[in-house]
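These are my notebook entries on one structure.

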Amino acid sequence: MSDSCKPPDLVQVDTTDDEDLYVPSGIDKGKRRAEGGFFSHDGGHFQSTTSARFSTQTVPQADDAGSDSDVSLYESLDSASDDQIDAGVPVPQHHELDLAYSVKGMYRILDLITEQGNGGLVDKIIISQNSLEAFITTVDPGACASMTKVNFKVLDNYIIKPVGVYGSKEEIVRFLSELGVIDDPIATQLLVDTETDSPTTPTLRSGLYIIRTTEQTGNIKQIFVLYWPEPGTWDDSAALSIRHHRVTFMRYLTKMCDQVVALISSEHAQTIVWNENDEDDNDTLEVDQEESVTVREGFKVASDRITLLEANGDGLTNNHPVKPFLLFGEASQGLMTVRYQEARLVADTFRARTYNPLQLEGYLRSDCLRLSESLDDEGLRMLVRSGLGKRFPQECNQWKHESNAVQELSRSRAEAEIARTQAKLQDDYPNLGRFLHQAISSGERAVQSPEPLSKLIATGIEREYASLEEEEQRKLRADLIRRLNNMSKQTPHTHVLHITAVEQANGSHYFGSSPSTSYRISGSRESQEDPMVIYTVYLMNHATQDQHELELNPTTISSPRFKFTHSFKLPQGHSVVRAQLLEDDKLLLVVADRNGNLTVYLEGLAGVDGAIQRGRGKALNREKVGQDFLLAYDESKRMLGVVSSDRLLLHIFVFDDARGFQALGSSTNLTAWYNEGSSIRHACFISGTEELLLVDSQAQARVFSLPALRFRWAALVLFWLI
């Protein structure tokens, strides 16, 4: 038998430890694990019968202390997969016709069965309960009483690192023979054409199988996960259902195993086109693929709002895109336009608007004041109590003193005048009474005493002096207001506060500034707005009729409309690094400021502008991110990846509704997987997974697994990028 598939060459096993592969890890879970070898450039290659060599790259293992890549024996399959796993469907057991029971150490994990459904026969991939239970029992006899009663705590003490195996049936059978788990009669039965055999011929159903090998060198047992294919699985002309099963099983195989081995037969190896011009030590693989892309007519959208931004004379738009551009989006589509707005004065006019003491005090102590000289005494006193007295204590105290002095002087003068008038009235009353009597019309009673007249005269005197006092008080208020307005101009302010009227709100206390106190203010508040760049998002929508026609006929050419728009403003010098439309009218926005620092926002379209004004976003320091970086975002996982291209660092952030973007651990250093001088040029998430596709400066595309913190073995060289 050929040496092309010897197990010791495929998987290098650490023979320094004579323990079984099932390593009890209760002492320190995750730090002790089964050691498996890795492929190298010049040794341990797996070969087909035509001696075709497959080059694989050496990938360093992540440190045990920081890696969560250890896969538990009972780790569930990917729940996010679109393929249905039905654990409750009973699998018919025909031991005589099922070759799985004839292979030593073989346990079926996933099985492909056919059932009668409402619309006919339906293929299902199910978990093989009995076989999986048997395997768990071999690991720990008391761990699995039934599939619904599994002692996961016991299984936590066992960690395995299986090696995945897939490929041509002939080479898989050769591989199993080399392992010593099958003999020649079983090998012959495995290679029988299942499409032409009789129903009584023993077969091995397509699925995933665990292969627990017999004793090898050093008494070490190796675990393999084998994908047994259907007939014609690897043919380009395979049926759609077979191709679907192939993709599904391979997806599960690559998730369960970090190391995967492909076994290629001579027949399949002949279909591979080798690049003989490559003089590198590593052979490069090229595979002919049939073009299956169909191009059909698209739609056109015209809008008078999609215009170019006119650059101003100062060239302030040099850092901003002046052309409308399409937004990223998986479930929503739209475009964004840019418009320049010059510096302007913005006024917020209000009439009898209610303010609490803290708000009013903040404005009175920080703004440039434009208080109206027509404010009454009570209104000015409310402002003094609410903040003016703290900002201008000397001027306000002087005004209070002068106001009280005017009030006291007016009162004393009025009292003195009333006393003189009343005394004179008593002396001159006889003559005065005669004149008053003549002035009274007939029928009226004569004035019998001077008291009523005295009261009348006192009232008139009080009114006269009150009027004089009010005039003096008005002059004092006007003088104070002019001084306060002039003094507030001496320092620069961002806002100008105009107040024309102040009154106490209903139900508020008259004195003090308790929480229940509030004021009604009339006036305006002006601010000088710096030059801004306005970004407008135009959502692409379909009419109801177009949506109905698309559901009936997917080839219908629709006519999208830009019906809804949302705008936000950025200061001059800021720029949009990435804008991506999300479901439910949300927007992922990454903004760079003048210093290059990043701020990440994820808000509803209507709330983006407010979030920017309040600075409610995730700040990323450019020194940590690096000058050359890439951004990737997965909508289903709400995961943001920031790749430092020059430093080869990967930062991951996950969005939480309550806390926003939060870092998922520390940054991951990728330098161990790249040659010196290499950099990353493209990055994107594989939708629905925790994996990123990274393309480096050598045009090599590889998939990085976040849970395992390592690259997958497969790599693709994009020759057209070189």
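Entry one, aromatic pairs. I counted 13 aromatic pairs, where rings of Phe, Tyr and Trp (its six-membered ring) pair if their centres lie within 6.5 Å, and planes under 30 degrees apart count as stacked, over 60 as edge-to-face and the rest as tilted. I then looked at F350 and Y355, whose ring centres are 5.7 Å apart with planes at 70 degrees, so this pair is edge-to-face. The model is predicted, so I note that local features need pLDDT of at least 70 and side-chain atom pairs count only at pLDDT 80 or more, while totals for chains, interfaces and linings use all residues. Residues are numbered from 1 along each chain as its sequence is written, and side-chain values use heavy atoms, with hydrogens and water left out.

Entry two, burial of that pair. I recorded F350 as buried because its relative accessibility is 6%; buried means under 20% relative accessible area, exposed over 50%, and partly exposed in between (1.4 Å probe, protein chains only). Y355 is buried too, with a relative accessible area of 6%.

W673 lies in the loop between β30 (668-669) and β31 (680-685), and F711 lies in strand β34 (residues 710-717), so the pair links parts of the chain 38 residues apart; helices (H or I, at least four residues) and strands (E, at least two) are DSSP runs, numbered from the N terminus. W673 is buried at 9% relative accessible area, and F711 is buried at 2%.

Which residues of α6 are buried? I listed I242, H245, T248, F249, M250, Y252 and L253. F249 also belongs to a cluster that ring pairs form with Y166, Y227 and W234.

I located K569 in strand β21 (residues 561-571). Its side chain makes a polar contact with the side chain of E529 at 3.0 Å; such a contact is a pair of N or O atoms within 3.5 Å, and within protein one must be able to donate a hydrogen and the other to accept it, with residues adjacent in sequence counting only if both atoms are side-chain atoms.
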